[in-house]
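Here are my notes on the model you sent over.

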Amino acid sequence: MILIRLASIILLTGILAVAALFFLAQSRLPVLDGVVNLAELSRGAAVKFDDRQVPYIEAGNDIDLFRVQGYVTASHRLFQMDMARRAALGQLSEVYGAQTLTQDKLMRTVGIGRIVKEELKNLPKDVVTVLDAYCQGVNSYISGNKERLPMEFLLLGYSPRPWTPLDTLAILKHSQYEQDESWRLDDLRQRVLDKTGNKDASFLFERPFSAPARVGTLKTAPLIASALGSQLSDPALAALSPAPCTGSNGWVLSQSVTDTKGAILALDKHHRYTMPSDWYLVSLRSPDLHLAGATIAGVPGIMCGRNDKVGFGLLAMKVDVQDLFLEQFSTQFPGKYKTAQGWENASEVVEEIPVRFSDKLLFTSNLLHKVGMTKHGPLLFKSEESGVSLSWIGAVTPTKGGASYFQTLLELSRAKDFKEFQNSLSHYSGSPFTALYVDKAGACGYQQAGTIPLRAAGAAFGPHEGCLLAPGFTGTGDWVSTIPFKDLMQGLNPPLGYFVANFQDFKPEMPFNINLYRGQRVLSVLQAFKGAKAGLPEMAVLQGDSQAPLALLVKATLTEAVAKSDLIDSYQLAAMDALDKWDGAVLENSAGAAVYESFVRTVVRRVLAPRLGGQLTNEYLERYPSWPKFVETILKEKGTNWLPPEERTFKNFIITSFVQAIKDIRMASNSDESSRWRWGDLHKGNFPHFVLQVFPQADPVLAPLLSMNGVRLSGDQDTVNTTDSTLARGKDQFLSSQGSTMRLLIDMSDDEKFYQTLVLGQSGHMLGGARFDQLRSWLALKPLPVAFAPNSEAKICQHRLLFTDR
């Protein structure tokens, strides 16, 4: 009887705790109707919300517009904004303690905080005014809702500090760092080269590695791995590090090839999956400005979308703008390092990192983190006689006359034609991107922009690429100049009537760190229209295209091998039957797609593991976006040079790989029935909350409340509908952690033909109704409209929030 009463008390306590948590979370949801006092406003403003909680903000002037945008964005995404600035500035440990110290040290070493402080000094006054206005809105929300801030602040026991212009600039800079990060790939190439030699490394990375396997006379293999070692494998660092193959798809069509005679822009942006997703939709209207599109929470204005005259979208170029330099230090004179001009003194910067729960106490203390600096950049690693420094173009402060990323975005959003579009990009100095353009006149175009370094004569891979650790003491890999804006690729109304970014602008002498299959597929589909006209419905289907580039090759290879084998069991027959019926589309309910995906992974792992080892193989598959090209070459050549030691013939290798692939599917699906080998059951997307990225051990308990997990997905790393897999051997090898997170479709012939869809939703609140309400439409490839004309805004209005200055 006592046990029954005790169990009842525990159950009742649990129910009350859940009810209290629900009530608290519900009470902290943003207000969508009513009146808000925003003292900094010069006059009143209004915000209409549609059924997705997309805000349509209208104000009497531009500055008030950005004030209200700051307030509204904070009301939906404040915790995400706070985590984003802390991740960029290396301040996560102030909240999470030593759990995130490794990540903070890395960001303090890279120096985003130092970079944006210099950037802020050089911004024009009108740009700073925009930043200040946005900050006023964010801070008004924080100060006016101290008891209603998102639940995460209550649960973690801290309050957000005021928002500053540096925070916005840091978030933007960090987003570019994520897109640019290639130094880990350079380190990987060096370690693979050191382990396998020039010939194999050249084959694996599709580059002629004629350089010696060692740089100079110093030990280099593996410098960074041994230096950071456990740090790079730290769970929090791995979870928060940039998605290795982050890129995007984008293309434009002119009126000559569209069914409406209007120019079309199609764009989808890729990122690591998170809850909430990285983008936030907004519409902004004042007497002098009308914008609608997507931005990163914490950044005023929009980063892709349209104004009254033009539509635009940006895609990272994924060229090599990060290099690692091997530095030689004097053992007799500490702090001196060798350059081509002689010995120089390394400088030192001391960063104070607040660490919560220091020494197991409840208070916060500062940890002093020393960062060594050479002419090439900050030192990621240093021993007595050597070090590795990082050069990144994003760390270079724009020179006089140069424009920062944020300044460029503001100017770009006001462009009225292609000339103004180009002018807004011509002064930009920073991480390079390709800007896509469409206008009301039916024209389409593109312009590359940004700073692309050129290496000194004698650089191992020519002027456009670093690839490996460069000897800092010889000067051969030093950056000596940049490509002038006039020499960057651009075009208006291309002859074919369309342009596919990150493919048609590809140059072999300046290779992209990106998977080229996707652009190739988009181009082939557009070419197939020939005399027919394309429209938004076809472009929406193309954004969700899941055709596998190696499907025909894999089917032919397996069919040939199986036909010559007498040792075929029922599982293999079932798998071959699934492949025979498969049309090559990697769809969620396809058994053929599951067989294909498992086979490709099995082939590459069996080939590489004996030569590289398990760890390097995992890193290669994770870091090198073109690894499927290696598989394609293996299957086409049918040679024996790359076969694992236990295999003697190519045919037998294919059969045994097929057997292993089927075994992996049976284990992952927990079924021997081929009808249950559905790709979507294996290939699920997990969208973790930030807290669970830091504390993954709490995922089983908190994931149902904080995250969105187990989303069945189509596509893979090679398809236009991009959904990368983890690829690491084991039960999670098919899970997806990154892919497309925002899709944009614009037909400039009609203001009503404007669609922008997020993978999850607008809200970042635990119980927010718009937290993942867009997911179903996303999976079904049904674009969701954004109202652009005033009468359309009135029709979609579900809520109305008025802002007053008193």
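1. Which helix is D82 found in? This is a predicted model, and in it D82 is found in helix 2, the run from residue 62 to residue 89. Is D82 buried or exposed? D82 has a relative accessible area of 0% and the cut-off for buried is under 20%, so this aspartate counts as buried. Once you set aside the neighbours within four places in sequence, D82 is in contact with F153, Y158, P160 and W163.

2. Six strands form an open sheet in the order 13-14-15-16-10-20, and the pairing is mixed. Strand 13 (347-355) and strand 20 (470-471) are the edge strands, each pairing on one side only. Helix 4 (residues 101-110) packs on this sheet and touches strand 13, strand 14, strand 15 and strand 16. The direction of helix 4 makes about 145 degrees with that of strand 13.

3. Strand 15 (residues 377-382) deserves a look of its own. Five of its six residues are buried, so the strand is mostly covered. On one side, strand 14 (residues 365-374) runs antiparallel to strand 15, and two bridges join them. M373 stands opposite P378 of strand 15, and the hairpin from strand 14 to strand 15 goes through two residues. Strand 15 also runs antiparallel to strand 16 (residues 386-392), this time with three bridges. Here L379 has S389 in strand 16 as its bridge partner, and three residues make the hairpin link between strand 15 and strand 16.

4. What lies across strand 10, strand 15 and strand 16? That is helix 9, running at about 55 degrees to strand 10 (322-328). Helix 9 (residues 183-196) also packs with helix 20 (residues 614-623), at an angle of about 140 degrees and with the axes 10 Å apart. Angles over 145 degrees would count as roughly antiparallel, so helix 9 and helix 20 are classed as oblique to each other. Their crossing is left-handed.

5. Now for the residues at that helix pair. Helix 9 brings R184, L185, L188, R191, V192 and K195, and these meet L616, E619, Y620 and R623 of helix 20. By class, the contact of helix 9 with helix 20 has five nonpolar and five charged residues, with no polar ones.

6. Helix 21 (residues 627-637) has a list of buried residues: W627, P628, F630, V631, E632, I634 and L635. A glutamate, E632, is among them. What do these buried residues pack against? Their partners are helix 10 (198-205), helix 15 (517-529), helix 17 (551-563), helix 19 (591-612), helix 20 and helix 22 (650-669). Just after helix 21 comes K638, with a positive phi of about 55 degrees.

7. A few backbone details to check by eye. Most residues other than glycine have a negative phi, and most peptide bonds are trans. Where is the cis peptide bond that involves P276? It joins M275 and P276, with omega at about -5 degrees. P276 lies in the loop between strand 5 (264-272) and strand 6 (279-286).

8. Two loop residues other than glycine also have a positive phi. N502 has phi near 60 degrees and lies in the loop between strand 23 (498-500) and helix 15. L781 likewise has phi near 60 degrees, and its place is in the loop between helix 26 (775-779) and helix 27 (790-796).

Terms used: Residues are numbered from 1 along each chain as its sequence is written. This is a predicted model: local features need pLDDT of at least 70, side-chain atom pairs count only at pLDDT 80 or more; totals for chains, interfaces and linings use all residues. Side-chain values use heavy atoms; hydrogens and water are left out. Axes are lines fitted to C-alpha atoms, for helices over the stretch in contact, and angles run from 0 to 180 degrees between N-to-C directions. Helices (H or I, at least four residues) and strands (E, at least two) are DSSP runs, numbered from the N terminus. Angles under 35 degrees count as roughly parallel, over 145 as roughly antiparallel, 65 to 115 as roughly perpendicular and the rest as oblique. A crossing is left-handed if the near helix is turned anticlockwise from the far one by less than a right angle, and right-handed if clockwise. Contact means heavy atoms within 4.5 Å. Ala, Val, Leu, Ile, Met, Phe, Trp, Tyr, Cys and Pro count as nonpolar, Asp, Glu, Lys and Arg as charged, and the others, Gly among them, as polar. Buried means under 20% relative accessible area, exposed over 50%, partly exposed in between (1.4 Å probe, protein chains only). Two strands pair if DSSP finds at least two bridges between them.
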